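My entries follow in the order in which I looked things up.

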Amino acid sequence: MDSRIPGVSCPMNLLLALTVTIFAASTALAQPAQPDGEALYLEYCASCHGANLEGQPNWMERLPSGRLPAPPHDETGHSWHHSDEQLLRIVRDGLAAIAPGYQTDMPAFRGTLSDQEIVEILDYIKQTWPDREREVQRSR
Ligand code: HEC
């Protein structure tokens with residue numbers, strides 16, 4: 001995970017990331033079985049997208065760098081506007097894979113997470129959506 005961005009843009013995020021990492025590490029120790037989407041989310045995504053999928057503050061306004069903050073993954077964001085295939089590609093290969101040349105703080109997780117782990121994380125995110133958003137996303 002690229003800890004440079006949250007650390008620089010907002011010290012509170014770093015604090016949150018540390019708290020979340022410690023929490024994720026302790027739950028991982030408690031239940032070592034198969035990949036758990038929620039634990040993986042907390043470990044790899046929550047530092048930017050929020051422990052409750054709430055995203056970064058003012059996520060629709062550009063940062064001084066010109067890039068966008070991390071959007072929420074709950075139904076107030078627009079992750080549910082993407083098909084399963086697009087979501088997997090965004091997380092695995094980066095946003096530039098679907099928008100060539102796009103400059104973003106969202107890292108690509110190829111080499112860090114397996115496809116199966118990414119799908120577990122996406123399943124965890126999806127089960128938090130209300131029926132309407134799940135229905136719309138399923139039909140993409
Ligand atoms: C270093 C911060 C950071 C981390 C860690 C991070 N993201 Fe992101 N993510 C972003 C940012 C910033 C964006 C918005 C990118 C943009 O539009 O420029 C984003 C966008 C996305 C999008 C596209 C959302 C949309 O509505 O179009 C998805 C899906 C996503 N992230 C999933 C994940 C998942 C899953 C993880 C964990 C495996 C993760 N992200 C980890 C910063 C991060």
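**Entry 1, the ligand shell.** I sorted the residues of the shell around the ligand and got 18 nonpolar, six polar and three charged. For this sorting, Ala, Val, Leu, Ile, Met, Phe, Trp, Tyr, Cys and Pro are nonpolar, Asp, Glu, Lys and Arg are charged, and the others, Gly among them, are polar. The model is a predicted one: local features need pLDDT of at least 70 and side-chain atom pairs count only at pLDDT 80 or more, while totals for chains, interfaces and linings use all residues. Residues are numbered from 1 along each chain as its sequence is written.

I found 27 residues around the ligand, and the closest are Cys45, Cys48, Ala70, Thr104 and Met106. At least two shell residues come from each of α1 (4-9), α4 (46-49) and α5 (84-93).

Where does the ligand lie relative to domain 1 and domain 2? It lies between them, because domain 1 (1-31) and domain 2 (37-138) both give residues to the shell. The domain bounds come from an automatic or database domain assignment.

I listed seven helices and zero strands. Helices (H or I, at least four residues) and strands (E, at least two) are DSSP runs, numbered from the N terminus. Of the 140 residues, 24% are buried. Buried stands for 20 or more other C-beta atoms within 10 Å of the residue's own, exposed for 12 or fewer, and partly exposed for anything in between, with C-beta atoms placed from the backbone.

I checked the length of α6 (residues 115-126): its 12 residues should span 16 Å at 1.5 Å a residue, and the end C-alpha atoms are 16 Å apart, which agrees. The expected span is 1.5 Å times one less than the number of residues. Its buried residues are Ile118, Glu120, Ile121, Leu122 and Ile125. They pack against α3 (37-44) and α5.

I then followed Ile125, which lies in α6. It counts as buried because it has 21 C-beta neighbours inside 10 Å. Leaving aside neighbours within four places in sequence, Ile125 is in contact with Tyr41, Leu53, His73 and Ser79. Contact here requires C-beta atoms, placed from the backbone, within 7 Å. Asn52 is 73 residues from Ile125 in sequence, and their C-alpha atoms are 9.9 Å apart.

I placed Cys45 in the loop between α3 and α4. Cys45 is buried, with 24 other C-beta atoms within 10 Å. Its C-alpha atom is 9.0 Å from that of Ile121, which is 76 residues away along the chain.

Leu53 is not a glycine, but its phi is positive, near 60°. Asn58, also not a glycine, has a positive phi of about 50°. Leu53 sits in the loop between α4 and α5, and Asn58 is placed in the loop between α4 and α5. Are they buried or exposed? Leu53 is buried, with 21 other C-beta atoms within 10 Å, whereas Asn58 is exposed, with 9.

Key: A residue is near a molecule or strand if its C-beta atom, placed from the backbone, lies within 6 Å of it. Two residues are in contact if their C-beta atoms, placed from the backbone, lie within 7 Å.
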